[in-house]
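Here is a short report for a reader new to this structure. Look over the sequence and the structure first, then read on.

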Amino acid sequence: MFRTLSPLLVLLAVGAPAHAAVVVKPATVVLDNPESSQQLLVANDKPGPDLTRAAKYTSANPAVATVDATGLVIPKGEGKTEIVVAQGAESVRVPVEVRGLLKPTPISFEHQILPILTKASCNSGGCHGKAEGQNGFKLSVFGFDPQADYQALVMEGRGRRLFASAPDASLFVTKATGRVPHGGGRKVEPAGIRHKRLTRWITEGAQYESAAVKPVVAIEVEPANRVLALKGNQQLQVTAIDSAGVRRCITTEAEYESNATTIAGADGRGWVHAADIPGEAAILVRYMGHVATCRVTVPQPGVTFARPAEVNFIDKHVWDKLALLGIAPSELADDAMFLRRVYLDTIGTLPTAEEARAFLSSKESTKRAKLIDALLERPEYADYWAMKWSDILRVDRDAINAAGAVAMTRWLRKSFAQNKPFDQMAREVLTAQGSTTAEGPAAFYKVLGTPEVMSRSISQVFLGVRIECAQCHHHPSEKWGQDDYFALAGFFSGVSRKNLPTGAEAIFAGPTGTDLLHPRTKKPVPAKALGAPVPTFAPGTDRRRVLADWVTAADNPFFSIAAANRVWAHYFGRGLVEPLDDIRATNPASNEPLMRDLAKHLRDSKYDMKAFTRTLLNSRVYQLSSRTTPSNAKDEQNFSHAVPRAMPAEVLLDAISQTTGAPEKFNGWPEGVRAIQVWDNRMPSYFLKIFGRPVRASVCECERSNEPSMAQALHLMNSTEITAKIAARAGVARKLADSKKTPAEIADELFLATIARFPTEAERAAVLRAFDGAADARREVVEDLLWSLLNKREFVYNH
Amino acid sequence: MPARYCDGLSRRQAIRLGASGLIGGLSLPRLFERTANAASDKKVKAKSCIFLFLQGGPSTIDMWDMKPEAAVEVRGPYKPIKTSVTGTLVGEHCHRSAKIAHKYTILRTHSHNDNGHTTGCHYFWTGYKPNFADGTNSRVPVNDVYPSAGSIVSRELGPRGALPPYINLPHPLTAGGPGFYGAEHAPFVIESDPVQPDFEVKDLAALEGLGAKRLERRKQLLGELEKAEKAGTQDGRAATMNTYYQKARDLISSPAARKAFDLKSEPKAMREAYGYSSLGQCSLLARRMVEAGCRFVGIDHGSWDTHFTCFPSLEKELIPHADMAFSALVNDLDQRGMLNDTLVVMMGEMGRTPRVNGDAGRDHWSMAQSVLFAGGGIKPGKVIGATDKLGQAPVADPVSIEDILRTIFDLMGIDANKTYLTPLGRPVPLVNGGKIVESLL
């Protein structure tokens, strides 16, 4: 292995400003064991392309170390030498020291062999890592149980997997290198570094541990951010840091995975290659349960645009990002588009024709800001947000009971109506107890049931961390393991359900919390929050209070990000982190500075949801048009334009009822109740079912389907229910037909009521033609016009 | 009368829970994906599959795997009768099917170890054991992660005519949902029973009072209003709505589709041959839908959970209905020349206990069930395997759920090893393990 001395020395040794100097990282190389290697990185000190594979390398003494054309240095014999890196007219000399070859430090299975198995995907879910193993050889998935894996290799298979006397003839080695038939093919390159390490490990007696090998505590990737041209390349250099602080190059041993291979990918050597599509990719680097990411940006060439004015920090961060990517933002949405969008997003309700007419005709320069303020005070705001959080907190009549579902809905509605700070809401959920039918969130715990489900649901809702994977194995793309999972669940072990004398159920959180057992080791795992130290519980406390303090503390690394991202996703149709409740280092926000500042803004405003919402809605980014420009049509994640979204089932049903003037009658509910007010998620409704009302079976917002379907189209076009609304006796169409209004006035009225705008000239002409052709059937034409508007995409979508 | 499982969960409830999304369909990316799949060189024997699912668990020991030598509490009251295949005997109430035993094959060795209804249905339809206990997980859609066999067929093969590729009737199958595939591979559910005189497919019938003139006006107006697009709904997800509108319009206006659903146009004799039962009329409708291009029809037929006094309902309703529906369907497909490329399967999520219980019923028994296969490239006229003297378990070579699914997919030209990633990133092969039942081919 090698050690890196400060690369800063080289970085600082900059030549004359007029021409770029060549920089090699690291400046010196130490290789301290037979299978070590060092990837060099070569670049100019000025922004420019990666030169690692352009430079020419020579070793001053190939008996000590060799170097290949990719800049990989490999030890050959103990001693010192230099690698000469020639680039253009310049050359840089990199001192190399090789040691530890004659008496190498013994290899540790856990720290050095397991990573080979993982890198070669031997222990992946599709191969030996699956529950039943593969052809009799079973490994723990992603190596979460190193001891069992060691056992499998060394002891099982009648001992034929390893031959101490002839290491290279071990079945393990011959299979891995593809010298005997192997279903998985050749996974380890013959005579390569990994092959050598495997045989040396067997030669040394296949030790599980080696005292001299320190565990890795972190990994780093260089560079962590890179802007590449179309089809550009970049060599990565990955360094592991062990518990003694020693840095070793693991570039050839780490695994690489891109989250967007159509934009940029990386091969097993850490060589990143951009494709010919502009955009962004995160290259995920994994080694021994540690992760690092390199963000690759591939700008669209040749796009320039004038930065629009900035209303607040949101605009600044988005324009910065768009400028970097070469994506021009769309125009500001016109008043009609803004009006309809902000009504639907904020209060889940369409503007009426009168409201639309008034807003469109107002000449006031601050009318948008005033409308935002007014909407946040409407009662529908609380209705709509209570509905949204009823989905998240699983207010399911069947899982709780009617009284409990009403109680939770009322608590939610009141919380949003009085604009309760969100951290306080979270604390009330986290520490809820008492009767499940009293106004409050206690029933949430009834739905969740076990400490495991409680902890992973709470984690997903309030921390945005999906820790579910770690119940059975180490999270494949995060640092969370089974320890973390059961440690978190330990906060909920004191929660129980009891029957009250009144017959209602109650949630109790007694002082009886105990630490849960690790399913593999069967040892208690002390309760602790994610990445936090083990707390001490004062005798008799509800453990959840300690967790609530941690969750809502100012320095909690997740809570404000998760909350800000969730609200952002509601208004912008997509989280900065997406999926919105899957926050992790390996799933970075599409705009990190914006994510950071939004979370800070939420904390600074003391979790005042309305204030925070006001900031979002007043930004120019929120008010951009959904019409795209040539350079932003393909952009899905940088908020360069508004994205049309399907309306939630309840909102669409209310919109149709309001527009047609035919309110929906819900069985057992008073007349005039709107779908967004109905707490009963099991109320039979074909409409709500096909338009994706969730069954509230999980805390994931993804449960609400926004997929279009044929049944939806059939229902809107051809159902007796919608037809009846359009033709309702007391409905809007009938009233207009019976009025003295001219066809043009009727068109205005129906356009305003459905899509909040006046018809264009062409649309008006089309409507008038329809009227002209049927003077004796005025009512039918009005109905047909309303039908057409209800089936127009501009109506069905929030854009 | 709502059929109830022994766990108190009504079938309706279970069905509703299973329905996370209800409708099949196709978006453009999937269309492209399928074109790519079509290049696969797998041999296709069955273009479509009609699945008669006897939910609750059919008592196949009283139908297809008689034990006349066993004690009366095992063999039950029914006598075996001869069939058109020498040596093959079936229960006396299966006399219609007995006459055509040369057209199908009985697999007597299906066996698995999940004795629950919702869990067993989940295991069968998805090929994966659920992570919930039977009956206790009544509040979630039963297959919210793993896709059902019909959804897999929908995704891999897509439609081949005017009809959606995957249809459930007369309500959704308990675990027939699309799982992580999403709504576009959910079944198109006909929530209406064709045995009812007022049967119709929802939102498909011509609207009363809307003449051709008005339909034309609506079409024209909508077309002109869509042309003048002011918002950015012409691309992305919003644009896929167009695809569905187009398909919905096709469905409404397609004579082939309308004809497929028009059971009344069947001759009376044909309707009678299938039997005026839910299963009978569903099977007839299924044949019509397959003719019109549906790939996978899942018929849900309940009330087979016969714990108490089972024989009266078995001999008066359940067995005759299944016997009529199955034999009529096979004969009908055969006469139309469709049997070769239409696979018919009849089974439930489990069999029933060989020993009749103290309540004169039979309880859950997943260890042994007989399954009927016809058409679609299978070798007919056979009996595959045998159970022990008491019908408790296969004497050799039990056939698993994975084996059955793998065989069905293979017949339909689908590579069962194909793997997709769940939203959490876990690789999920279409079928996890299992082997093709070679003796069936």
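## Chain A overall

Chain A has 28 helices and 26 strands. The model is predicted. Chain A counts 799 residues, and 50% of them are buried.

Along the principal axes, the C-alpha atoms of chain A fill a box of roughly 100 × 75 × 50 Å. Take the contacts in chain A with a separation of 6 or more: 62% of them link residues 24 or more positions apart.

## Strand β19 and its partners

Strand β19 of chain A covers residues 290–298. Strand β18 of chain A, residues 279–287, runs antiparallel to β19(A), and nine bridges join the two. Within this pair, A:Ala282 has A:Arg295 as its bridge partner.

## Where chain A touches chain B

How many residues does each chain bring to the contact? Chain A gives 55 residues and chain B gives 45 residues. On the chain A side, six helices each supply at least two residues: α21 (686–690), α22 (710–718), α23 (720–726), α26 (761–772), α27 (778–790) and α28 (793–796).

The largest share, eight residues, comes from α22(A). By type, the side of chain A that touches chain B divides into 25 nonpolar, 18 polar and 12 charged residues.

Terms used: Residues are numbered from 1 along each chain as its sequence is written. Chains are lettered from A and ligands numbered from 1 in the order in which they are written. This is a predicted model: local features need pLDDT of at least 70, side-chain atom pairs count only at pLDDT 80 or more; totals for chains, interfaces and linings use all residues. Two strands pair if DSSP finds at least two bridges between them. Helices (H or I, at least four residues) and strands (E, at least two) are DSSP runs, numbered from the N terminus. Two residues are in contact if their C-beta atoms, placed from the backbone, lie within 7 Å. Ala, Val, Leu, Ile, Met, Phe, Trp, Tyr, Cys and Pro count as nonpolar, Asp, Glu, Lys and Arg as charged, and the others, Gly among them, as polar. A residue is buried if 20 or more other C-beta atoms lie within 10 Å of its own, exposed if 12 or fewer, and partly exposed in between; C-beta atoms are placed from the backbone.
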